[in-house]
Amino acid sequence: MESLQERARWHRALGDPSRLALVDALQVSDRTPGQLRELTGLDWNLLAFHLGALEDAGVVERRVSEGDRRRRYVRLRTGTRDRLPIPDPAPQIRKPVFICTGNSARSPFAAALWSKLTGQPAASAGHHPAPAVHPLAVEVAADFGLNLADVRPRGYDDVALEPDVVVSVCDRAQEGGIPWDRPRVHWSVRDPASGDRSAFEAAFQDIAERLRSP
């Protein structure tokens with residue numbers, strides 16, 4: 001259970017309009033510091049100050065891109081979304097295409113869970129499709145009632161759905177060029193491919209938390 005001091009630090013961090021604007025922006029998409037600066041109009045010194053305050057309070061974290069290692073993404077920490085005020089207007093995804101590198105774990109997770117939660121179709125693809133969905137991804141998905149056994153990775157050209165938003169769940173896909181001229185959202189989800197089952201579970205939970213948020 002959180003202490004009173006921890007709760008006070010959390011609320012103090014969200015009590016500034018600039019920091020709340022940063023949090024609202026990050027509920028929609030993970031972003032680079034440069035993107036946050038463009039969205040908020042904050043100068044670099046103030047942006048660094050406010051991000052530091054949010055990081056110290058455990059609201060956000062910064063990650064090195066798995067693609068361009070010079071790039072950093074700012075994202076909400078896992079487990080924080082349920083405690084945050086809903087941004088106005090709340091972000092909405094209606095007809096998504098989820099993309100990652102191999103279309104072998106993260107984007108199939110997202111598309112299958114999206115369809116389960118909403119009853120609406122979704123597509124997934126990879127810019128370098130793998131030969132098959134990773135066996136551990138199939139296992140983890142099955143634990144949550146999702147069937148990926150018959151899913152086959154595909155490239156961007158094989159997507160029939162005309163999306164209204166493209167959601168990259170992979171830094172490399174985000175940075176590698178996206179062929180759809182549609183609004184884009186980025187979720188910096190760690191690639192589980194070289195890890196054990198827990199890495200796939202963590203990737204699934206990261207995606208699930210985002211999809212269950214408003």
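Is Asp191 buried, partly exposed or exposed? Asp191 is partly exposed, with a relative accessible area of 30%. This value, like the others here, comes from a predicted model.

Asp191 takes part in a salt bridge. Its side chain meets that of Arg172, at 3.9 Å from N to O. Arg172 lies in helix α7 and Asp191 in the loop between β6 and α8, so the pair ties together parts that are 19 residues apart in sequence. Arg172 is also partly exposed, at 34% relative accessible area.

The model holds 18 salt bridges in total. Side chains of opposite charge can pair when their charged atoms come close. Another such pair is Glu66 and Arg190, with the closest N and O atoms 3.9 Å apart. This pair links distant parts of the chain, 124 residues apart. Glu66 sits in the loop between β1 and β2, and Arg190 in the loop between β6 and α8. Glu66 has a relative accessibility of 17% and therefore counts as buried, because the cut-off for buried is under 20%. Arg190, at 32%, is partly exposed.

Glu162 and Arg182 form a further salt bridge, at 2.6 Å from N to O. Glu162 is in the loop between α6 and β5, and Arg182 in the loop between α7 and β6, 20 residues apart. Both ends are partly exposed: Glu162 at 43% and Arg182 at 32%. Salt bridges also link Asp30, Glu61, Arg63, Arg75, Arg77, Asp206 and Arg210 in a network.

The model has 4 aromatic pairs. One of them joins Phe109 and Phe204 edge-to-face, with 5.2 Å between the centres and 85° between the planes. Phe109 belongs to helix α5 and Phe204 to helix α8, 95 residues apart. Phe109 and Phe204 are buried. Together with Phe144, they form one aromatic cluster. A ring also meets a charge elsewhere. The charged end of Arg83 sits over the ring of Trp10, 3.7 Å from its centre.

Helix α5 is also part of a right-handed β-α-β unit, with β3 and β4. Strands β3 and β4 pair in the parallel sense over 4 bridges. Ser124 in β4 is the bridge partner of Phe98. In a regular strand the side chains alternate between the two faces of the sheet. In β4, Ala123 and Ala125 point one way, while Ser124 and Gly126 point the other way. All four of these residues are buried.

Note on methods: Residues are numbered from 1 along each chain as its sequence is written. This is a predicted model: local features need pLDDT of at least 70, side-chain atom pairs count only at pLDDT 80 or more; totals for chains, interfaces and linings use all residues. Side-chain values use heavy atoms; hydrogens and water are left out. Rings of Phe, Tyr and Trp (its six-membered ring) pair if their centres lie within 6.5 Å; planes under 30 degrees apart count as stacked, over 60 as edge-to-face and the rest as tilted. Helices (H or I, at least four residues) and strands (E, at least two) are DSSP runs, numbered from the N terminus. Buried means under 20% relative accessible area, exposed over 50%, partly exposed in between (1.4 Å probe, protein chains only). A charge sits over a ring if NZ of Lys or CZ of Arg is within 6 Å of the ring centre and within 35 degrees of the ring normal. Two strands pair if DSSP finds at least two bridges between them. A crossover is right-handed if, with the strands pointing away from the viewer, the path from the first strand over the helix to the second runs clockwise. A salt bridge is a side-chain nitrogen of Lys or Arg within 4 Å of a carboxyl oxygen of Asp or Glu.
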